[in-house]
Amino acid sequence: MAKAKKQEKNSKPGPRISLLNALLVLVGADLVLLFAPGLGILNSVFYIGDLVAWPALIAGIALLVAGFRGLYRKE
């Protein structure tokens with residue numbers, strides 16, 4: 001009988017996730033889901049004016065972009 005080959009270790013390490021960037025993504029997604037004008041969860045329950053909703057939506061999108069930009073690190 002032939003011997004089974006030994007399994008080779010994966011020489012390529014997996015990507016590491018930055019904790020700060022993951023938190024930025026979560027906070028940005030919460031802002032978008034809560035304050036989206038006309039569609040947000042808080043807008044469906046309470047009246048939130050456009051003076052608050054649009055800047056919160058823009059800030060949420062900016063946090064999402066900043067968080068996804070450096071989310072994965074190679075080490």
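In this predicted model, serine 18 occupies the loop that connects strand 1 (16–17) with helix 1. The relative accessible area of serine 18 is 13%, and the residue is therefore classed as buried, the limit for that class being under 20%. When neighbours within four places in sequence are set aside, serine 18 is in contact with Gly70, Leu71 and Arg73.

Helix 1 comprises residues 19–35 and includes leucine 19. With a relative accessibility of 64%, leucine 19 counts as exposed, because the exposed class begins over 50%. Leucine 19 also contributes, together with Leu23 and Leu26, to a nonpolar surface patch of about 330 Å². Asparagine 21 is likewise part of helix 1. In contrast to the exposed leucine 19, asparagine 21 is buried, its relative accessible area being 13%. Residues up to four places away in sequence being excluded, asparagine 21 touches Ala66, Gly67, Gly70 and Leu71.

Helix 3 spans residues 50–69.

The buried residues of helix 3 are Ala53, Ala56, Leu57, Gly60 and Gly67. Viewed down the helix axis, these buried residues fall within an arc of 105°, and they therefore line one face of helix 3. Helix 1 and helix 2 (41–45) are the elements against which the buried residues of helix 3 pack. Gly67, one of these buried residues, is also among the residues touched by asparagine 21. On the other side of helix 3, the residues Asp50, Leu51, Ile58 and Arg69 are exposed.

Valine 65 is a further residue of helix 3. Its relative accessible area is 46%, and valine 65 is accordingly described as partly exposed, since this class lies between the limits of 20% and 50%. Valine 65 and glycine 28 are separated by 37 residues in sequence, whereas the distance between their C-alpha atoms in space is 8.6 Å.

Notes
Residues are numbered from 1 along each chain as its sequence is written. This is a predicted model: local features need pLDDT of at least 70, side-chain atom pairs count only at pLDDT 80 or more; totals for chains, interfaces and linings use all residues. Side-chain values use heavy atoms; hydrogens and water are left out. Patches are made of residues with over 30% relative accessible area and no salt bridge: like charges are joined within 9 Å, nonpolar side chains (Val, Leu, Ile, Met, Phe, Trp, Tyr) within 5 Å. Accessible areas come from the Shrake-Rupley method with a 1.4 Å probe; for residues, only the protein chains shown count as cover. A salt bridge is a side-chain nitrogen of Lys or Arg within 4 Å of a carboxyl oxygen of Asp or Glu. Helices (H or I, at least four residues) and strands (E, at least two) are DSSP runs, numbered from the N terminus. Buried means under 20% relative accessible area, exposed over 50%, partly exposed in between (1.4 Å probe, protein chains only). Contact means heavy atoms within 4.5 Å. The arc is that of the directions from the helix axis to the C-beta atoms.
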